[in-house]
Amino acid sequence: METTDLKGKKALVTGGTKGIGKAIADELARAGAQVIVSARTQPEESAHHFIAADLTSPSDVAQLTKEIKDNFGGIDILINNVGGLTTPGGGFSTLTDAHWEQELQLNLLSAIRLDKALLPQMIEQENGVIIHISSVAAKQALWNLNLAYAVSKAALNSYSKALATELADKGVRVLTVAPGATKTPPMEKFINDYAASAGITAEEGMKQLMVQTGGIPMGRMAEPEEVASLVHFLVSPSAAYLTGTIYAIDGGSLPVVS
Ligand SMILES: NC(=O)c1ccc[n+]([C@@H]2O[C@H](COP(=O)([O-])OP(=O)(O)OC[C@H]3O[C@@H](n4cnc5c(N)ncnc54)[C@H](OP(=O)(O)O)[C@@H]3O)[C@@H](O)[C@H]2O)c1
């Protein structure tokens, strides 16, 4: 979207140094927002203000929040993008308590903690937008590939909906974006690892994975910039009446009406 409709807004994009998060940070900055990004590792180059934080650590979240309050006074737009599939496939018997806890920390509690810390200021100014980056996996858990990840994203969807209802009359909108397969480093690694373990090429691996998930009618993965474009619209004034809803961006892959 070629607009400057976010001029004067301050945005925090978690995990804004790579993949989908980086594309979102760049898109919001192009639209005029002052963008802060956070991640565990400082990138060699970043056009945005960077704050280091591991969002699975409550003390890092507290420090991140303090730095934002001290240096920027608060934010108007929060993109909870940190997350990912970090546990092995193989179904219920392979997953330990530690695996479940790890996925819930990364994909659910990271967002809940940060929302809780930054929301009082948004409520006080009676203005704000929160986006939770979920996944189509939340509605289509694959027992042998992504069980704990999918369940943690389903919990994020449910939390996001309830939070939106709680905040609807306080000037704060809360929305969920659920990408399908998107061309980012972890997705490419996932496909390569799958292909290597099956003794096939990455291209064949991608085809097999697409079959397992019911296929992508558009026949390709999303570009991170396409997800960023949707997020830009959702945080913009044009989306002022949208809250509590989930937006899949998946080339038509979810085989359900939702
Ligand atoms: N790619 C896909 O196909 C796809 C599909 C559906 C949903 N999603 C969702 O989209 C989001 C972004 O995925 P992506 O593929 O763009 O990931 P990515 O390329 O791996 O980027 C992840 C970002 O998060 C940061 N990060 C990771 N763990 C962190 C932690 N514990 N604390 C703070 N920062 C952390 C990373 O930087 P550091 O490593 O330096 O911390 C990086 O900036 C995730 O929520 C993912 O579940 C992705």
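## A guided tour of helix packing and salt bridges

At 6% relative accessibility, E27 counts as buried, where buried means under 20% relative accessible area, exposed over 50% and partly exposed in between (1.4 Å probe, protein chains only). The model is predicted, so that local features need pLDDT of at least 70 and side-chain atom pairs count only at pLDDT 80 or more, while totals for chains, interfaces and linings use all residues. Residues are numbered from 1 along each chain as its sequence is written, and side-chain values use heavy atoms, with hydrogens and water left out.

**Stop 1**

Helices (H or I, at least four residues) and strands (E, at least two) are DSSP runs, numbered from the N terminus.

**Stop 2: helix 1 against helix 7**

Next, select helix 1 together with helix 7 (residues 224–235). Their axes lie 8 Å apart and the helices pack at an angle of about 50°, which makes helix 1 oblique to helix 7. Axes are lines fitted to C-alpha atoms, for helices over the stretch in contact, and angles run from 0 to 180 degrees between N-to-C directions. Angles under 35 degrees count as roughly parallel, over 145 as roughly antiparallel, 65 to 115 as roughly perpendicular and the rest as oblique.

The crossing of helix 1 past helix 7 is right-handed. A crossing takes that name if the near helix is turned clockwise from the far one by less than a right angle, and is left-handed if anticlockwise.

To display the contact, select G19, I20, A23, I24, E27 and L28 in helix 1, which meet P224, E225, V227, A228, S229, V231, H232 and V235 in helix 7. Contact means heavy atoms within 4.5 Å. By class, this contact has nine nonpolar, three polar and two charged residues. Ala, Val, Leu, Ile, Met, Phe, Trp, Tyr, Cys and Pro count as nonpolar, Asp, Glu, Lys and Arg as charged, and the others, Gly among them, as polar.

**Stop 3: V37 in strand 2**

Move to V37, which is found in strand 2 (residues 34–39). V37 is buried, with a relative accessible area of 0%. Leaving aside residues up to four places away in sequence, V37 touches L12, V13, G16, T17, A25, S46, H48, H49, F50 and I51. For a distance across the model, pick F233 as well: V37 and F233 are 196 residues apart in sequence and 19 Å apart in space, C-alpha to C-alpha.

**Stop 4: helix 2 against helix 3**

Select helix 2 (residues 58–72) and helix 3 (residues 97–124), whose axes come within 10 Å and cross at roughly 30°. That makes helix 2 roughly parallel to helix 3. Helix 2 passes helix 3 in a right-handed crossing.

On the helix 2 side, show P58, V61, L64, T65, I68 and K69; their partners in helix 3 are R113, L114, A117 and L118. The residues of this contact divide into seven nonpolar, one polar and two charged.

**Stop 5: two further salt bridges**

Remain in helix 2 and select K66 and D70, which lie four residues apart, about one turn of the helix. Their side chains meet in a salt bridge with an N to O distance of 2.6 Å. K66 is partly exposed at 46% relative accessible area, and D70 is exposed at 53%.

Then select D169 and K170, whose side chains meet in a salt bridge (3.5 Å, N to O). D169 is exposed, with a relative accessible area of 64%, whereas K170 counts as partly exposed at 33%. The count of salt bridges comes to seven.

**Stop 6: helix 5 against helix 6**

Finally, select helix 5 (residues 185–198) and helix 6 (residues 202–212). They pack at an angle of about 100°, with their axes 8 Å apart, which makes helix 5 roughly perpendicular to helix 6. F190, I191, N192, Y194 and A195 in helix 5 meet A202, G205, M206, Q208, L209 and Q212 in helix 6. The contact has seven nonpolar, four polar and no charged residues.

End the tour on E204, which is found in helix 6 and is partly exposed, with a relative accessible area of 40%. The C-alpha atoms of E204 and T86 are separated by 23 Å, the two residues being 118 residues apart along the chain.

Note on methods. A salt bridge is a side-chain nitrogen of Lys or Arg within 4 Å of a carboxyl oxygen of Asp or Glu.
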